[in-house]
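Please keep the sequence and the structure in view while reading.

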Amino acid sequence: MKHKLLFWKTCGLLFLQFILVQTTLFAQNVEVSGSVMDETLNEPLIGVNVVAKNLPGSGTITDVDGNFNLKVPGNAILVVSYIGYEDQEIPLNGRTNLIIKLREATQTLNEIVVVGYGTQKKSDLTGSVAVVDMGEAKKLVTGSVSEVLQGQVAGVSVQSSGDPGNMGTIRIRGVGSFSNVGPLYVVDGLIVTDMNHINPADIESMQVLKDAASSAIYGSRGANGVIIVTTKKGKSGKPSLNVTANFGVQELAKKIEMKQSNDFLYYNQLAYLNAGKDWPAHPEAGTYVPNTDWQRAIFSVGKVQDYNASYSQGSENVSMMMGAGYFSQDGVLEGPTYERFTYRVNTEGKFGIFKIGENLTLSRADSKTTNTGQSSFTNALMMPTVIPVYDPNEPTGKGGFGYGSDSYPTYSYNPVALQQSIDNRAINNRIIGNVYAELNILKVLTYKLNLGVDYWYGRRKLIDNAYTMRIASNEQRYLNILEEFRDERMTTVMEHTLTYKQQFGKHNIEALAGYTVQKDKWHYLWAQGYDRQVDGLDQLDLVSVKNNFSGNEHEARMLSYLGRINYNYADRYLLQMNIRADGSSRFGPDHRWGVFPSASLGWRASNEAFFESLRDVVSNLKFRVSYGKIGDQSALGCYDWIPSIDHSGPYEGLYSIFGPSGNETINEGAAQSSKANRTLGWETKTTFNIGVDFDLLNSRLYGTFEWFNSKSTDLLTWLPMAWATGVDGMTTNYGEMRNKGIELSLGWRDRKGDFTYNVSANITHIKNEVLKMGDSYREGGWNNINRTEKGRSVADFYLIKADGIFQSMDEVFAHTTTLPDGTVKVIQPGAMPGDVRYVDANGDGQIDLNDRQWCGSPLPKFEASLNFNAEWKGIDFTMFWTCSFGNKIFNVQRKELLNLNVDNMPANENPWTWDNPSMTCPRPLEGTTDNNLAQVDRFLENGSYLRLKNLQLGYTLPTQWTKKVSVDRCRIYISGQNLWTITKYKGYDPEVISGDMVYGQGNDGGGYPPVRTYNIGLQISF
C-alpha cells in the first residue's frame, strides 16, 4: 500500500514538473517563421500583418515571397490580417513553422444592414440601399446630420449653410414633389419628423433607402427616400470609455471687394450727371468722409466646439451605452449663436426567450437666430462706404446708427443695426425614445412590440428694439415689440410585428407581418405686445399694448398594415416583396386608404458554378432589379380636404367699406376661402430600378451602378377655378413629374506594407421633367425669374437676354426689327451709349416680359464627390472633395449691387464711360432705368464648383506609450473644412439655399453661406 502511494506521489510530482517546464518554455520567446498565401491561388501575399495578440510591438509583415519571421512567446496567438482577406487567429501551441492560407474577405458582403423593420445581410439586398461609411463621414466636424451625409452617397444631394444650428436640406434622387418635402427619418426604429438637434457623434450606422423596393415598407411616407439611423449600443466585453474634444475657428471663406469711398463718390456723381440731376452729396474740400468696410463691421471670426463622452459595457445577455455631448457655434456674422446639449442611454437585456430594451435621447438647443427679415450679407455690400456704422447726429435717437440721407439717399439697411435691433432667442427641448420587447414564440417565430415617442417643446422670445436703420424707416407706431412663441408637438407610435425565419436546405425564407398605430399632435401659440414698461423685464404682461395673438392645434392619426417576404435560394437567387396599407386622417373620406406594393429580384452571378474560373478576378457580382409604388403625405395638412371660412376678427379678417365719402362704415363678415375635396389623398411615386454590385481583384476594386426611372403622380398642386365658385382655386392631386438618372460609385483599397489607402468616388446624373400641373405654368423666385411648366424641369430660369452694351447712337438706331406690316422699328429708341442692349425675342419691336426666353436650370447636371484616405504607422490622412456641375444661379445680390444708382458696387466692376467704354457693365445712372430690369440674364451665372470639403491629418499614439497611462487609444488631429472652392460664381458661395426650394430654386438673395473652418481635435479611449 505504501509503495502504491509512493508511486502515485512520484507520478504527480513528475506531471507537475512537466507542466511547469512546458509553461516556462511557452512563456519564453521562440523564433517563429512561416509563409502566407492566397487560399485559392496558392500565391504568396506581400505585406501581410502578422502580430501576437495583446502584445503591442510584436508584429511584422511578410516579404516579397510571403515569408515572415518573428519572436513571440511559445503560447502566443498570432493575428494575421490583410486587406481584402478575412483575419485569422492562430494559436502556436509550440509550433515554430507555419503555412497560413488566407481566404478572400466577404465581411462587406456579410455586413448586417438595417432596413425597414429589420436587418439584412448586405449580400442579400435587392433594393437600392446605400450604407454610409460613418468612419469617414464623422471626420467632418459639424453639428448637423445632413452635413455629415454630404457627398457620402450617390443620389443624395445636401445643401448646407454656415448659419449656427442650421440643419441643411437633403434630397434623395432629385425634386420629387411640388411641395418642399424631404426624406423620412427613422431613428432606432422610431419614425421622427426631422433630424434637428440629433448629435452626429451618437450615430453608429446610417442607411439611405433610395428606391421604391427598399422604402415601400414605409408606405405613404417613403416617396422622397428614407434615412435610417442606428445609434451606438453597448457591446459585450470589457467596459469602454470614449472621450472626444474638438475646437475650431470659422471665417467667411470669401470677401467681395467693394469700391472705396473715393471711387464710390466718383461714380455716384457720374450717375447724377448722366441723369441730368444735381449731385446732392458735394462733400466740401477738407471734409472728413468715412471709408467704412461694412463687411469688416459685420463679420468676425466664429468659434465651434464639440465635446462628447460615452461609456459602454456589456455581457452575453445585458448591454448598456450612455453618452453626453455638448456642441456650440458662434457664427461669422455678428449675433447668431447655437448651443446644444445631448444625452443618450441605450440598454438591452436578454432573458431566455425574452429580449427587452430601450433607446432614449434627450436634447436641448439654445440659439440666437439670424435676423432674416433683410439680408445682412447683401446690405453689407450695398451700403455705401461713405456712411458710418454709428452716427452721433442720427435724428431719431433710436439706435444711433448711420444710414442713408439726403446727401446719400440709399435705401440699404445698416447691416450692424439689422442684427442688433432684433434679439431672437429660442430654446428647444426634445425627447426621442422607444421601448421594445421581443418574444421568441418558436425557434423560427419572433414577436416584437415597439412603443415610441417623439416629443418637442420649444419657446422663442423676440425683442425688436425698432432701431432706425434705413432712410425713411423711423417707426412711429411703437417704441419696441415683444413677441413670444410656444410650439409643442408629440408623436406616439405603437408597432406590433411578427418575424418568421426558416431554412429548408438551400431555401431561406423570412417573412414579416406588422400592425402600427401613430398619433401626431401639434399646439402653437403666439402673442405680441408693444412698448415694454420696464427695461430688462421682457414679459407680455408688462407691455403697454397687447397687440396681437394667435394659436392653433392640429391632430392626425394613421393606422397601417405591413408585410414583407424575403426568399434566398443558395445565395444565388434573391426575391423580396413588400406591401403596406396606410389609412390616414389627413386624406379625404373618399380616399382615406392607400396600398403601396413593391417587388425586387437579385441574382448573385458570382456564386454560380460556371463563374468559378473568374473568381480570381471577380469575387462578387450581383444584378438587381426592382419595381414598386410608394407615397407621401407630409405635404398635406391635417385638414386640407375640409372647406374653410375666413372671418373677421379683432386683428384680422374680412371686411367691406360702405357709405358716402366721409361717412364710411366698416362691415365685417366671412367668406368661404377653400372648397371641400373629399378625394384629396397622398402623392405617389412609382420607381423602376436596375442595379449592379461588384467586387474585383480580391475586393480591392468595388462599386455599384444604378439606373432608375421614377414617376411621381397625384402631386399636390393648385388648380385654378372660376371665380363663380367663390374661390380662386383648390389643392388637388393633379400634378405629375418624372426623374430619371444614373448613379455610379467606385472604390479602390489596398495595402503596401504599413501603408494602407482607400480611394472612393461617386457621381450622379438626374434628369427632371414636369409632366402635368394645375396651371399652364407657375412662376417663382425673386421677381418671378423662375418658371415651371409642362415639358421642362422644375424652376427653369425664364429671362430676357442681354446682348452687350450700346457703344454709340449708331448702334442704338441699328438695333431694329421689321414688323409684319413691313415697318422697321427701333427696338430701344430711348437708349443711349452705355445702356444695355436686349434681345427682342418675339419681334414686336419693344422690350417687355414677353421677350423672356429659357436660360438654364438651377438643377445640376452632375453631382460628384471624391474621398481619399490613407494610414501609415499611426499617421492618417483624409482628403474629401465635392463637386456640382451644370446648374445656374441667379445672383440677386449682384443685381442689387449693379443697379449703378446710389448704392455701392464691386471693386472689379468698371461702369461704361466715354473714356473707358465697357462691353459688360452699363453706365451709372440715377433713378429707375431699363438698365435695372430685374428679369434679365445679366445676373444669371454658372453655379458649378469643385470644393475641398475636408482635409484632415491625424496621429494615433503608439499603444506602448498610451498603455502606461491606462489609455487604450489616443488620437490627435487637425483639419480644415471648405478650404478651397474652384468656381466662376461671383457671389459669396455657389452652394445656395433659396427661400423657395421648389419653384424658386437657384436664387442667391444673400443667405448665410458655408464657412471655412480650422479644427484641432483629440480622441481618447479607455
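## Accessibility and the basis of the model

A residue counts as buried under 20% relative accessible area and as exposed over 50%, with partly exposed in between. By that scale Asp366, at 22% relative accessibility, counts as partly exposed. The model described here is predicted, and every value below is computed from it.

## Confidence along the chain

The protein chain has a mean pLDDT of 87, and 94% of its residues reach 70 or more. Among the elements of the chain, strand β39 (residues 796–799) has the highest mean pLDDT, 97, whereas helix α1 (residues 2–27) has the lowest, 42. Over residues 1–27 pLDDT stays under 50, and for this stretch the model has 7 contacts beyond four places in sequence.

## Cysteines

The count of disulfides in the model comes to 0. Cys855 is accordingly in no disulfide, and the nearest cysteine sulfur, which belongs to Cys921, is 20 Å away. Cys855 is buried, with a relative accessible area of 15%, and Cys638 also counts as buried, at 7% relative accessibility.

## A nonpolar patch on the surface

Which residues form a nonpolar patch on the surface? The patch consists of Phe247, Val249, Val301, Tyr307, Phe755, Trp872, Ile875, Leu953, Ile974, Tyr1014 and Ile1016, which together have about 950 Å² of accessible area. Two strands, β17 (237–252) and β52 (1011–1021), each supply at least two residues of the patch.

One of the patch residues, Val301, is found in the loop between α7 (294–298) and β18 (302–314). With a relative accessible area of 56%, Val301 is exposed, because exposed means over 50%.

Is Arg489 buried or exposed? Arg489, which is found in strand β24 (residues 481–504), counts as buried at 14% relative accessibility. Leaving aside residues up to four places away in sequence, Arg489 touches Thr193, Asp194, Asp454, Tyr455, Trp456, Lys521 and Trp522. Tyr524 is 35 residues from Arg489 along the chain, and the C-alpha atoms of these two residues are separated by 8.6 Å.

## Salt bridges

Side chains of opposite charge can pair when their charged atoms come close. In this model the count of salt bridges comes to 48. One of them joins the side chains of Arg364 and Asp366, with 3.5 Å from N to O; Arg364 is partly exposed, with a relative accessible area of 32%, and Asp366 is partly exposed at 22%. Another salt bridge links Arg425 with Asp423, the closest N and O atoms being 2.9 Å apart. Here Arg425 counts as partly exposed at 45% relative accessibility, and Asp423 counts as partly exposed at 21%.

The side chains of Asp750 and Arg700 also meet in a salt bridge, at 3.2 Å from N to O. Asp750 lies in strand β35 (residues 729–752), while Arg700 lies in the loop between β33 (683–696) and β34 (701–720), so the pair ties together parts that are 50 residues apart in sequence. Asp750 counts as buried at 5% relative accessibility, and Arg700 is buried with a relative accessible area of 13%.

The place of Asn783 is in the loop between β37 (777–780) and β38 (786–789), and Asn783 is partly exposed, with a relative accessible area of 43%.

How values were computed: Residues are numbered from 1 along each chain as its sequence is written. This is a predicted model: local features need pLDDT of at least 70, side-chain atom pairs count only at pLDDT 80 or more; totals for chains, interfaces and linings use all residues. Side-chain values use heavy atoms; hydrogens and water are left out. pLDDT is the predictor's confidence in each residue, from 0 to 100. Helices (H or I, at least four residues) and strands (E, at least two) are DSSP runs, numbered from the N terminus. Contact means heavy atoms within 4.5 Å. A disulfide is a pair of cysteine sulfur atoms within 2.5 Å. Buried means under 20% relative accessible area, exposed over 50%, partly exposed in between (1.4 Å probe, protein chains only). Patches are made of residues with over 30% relative accessible area and no salt bridge: like charges are joined within 9 Å, nonpolar side chains (Val, Leu, Ile, Met, Phe, Trp, Tyr) within 5 Å. Accessible areas come from the Shrake-Rupley method with a 1.4 Å probe; for residues, only the protein chains shown count as cover. A salt bridge is a side-chain nitrogen of Lys or Arg within 4 Å of a carboxyl oxygen of Asp or Glu.
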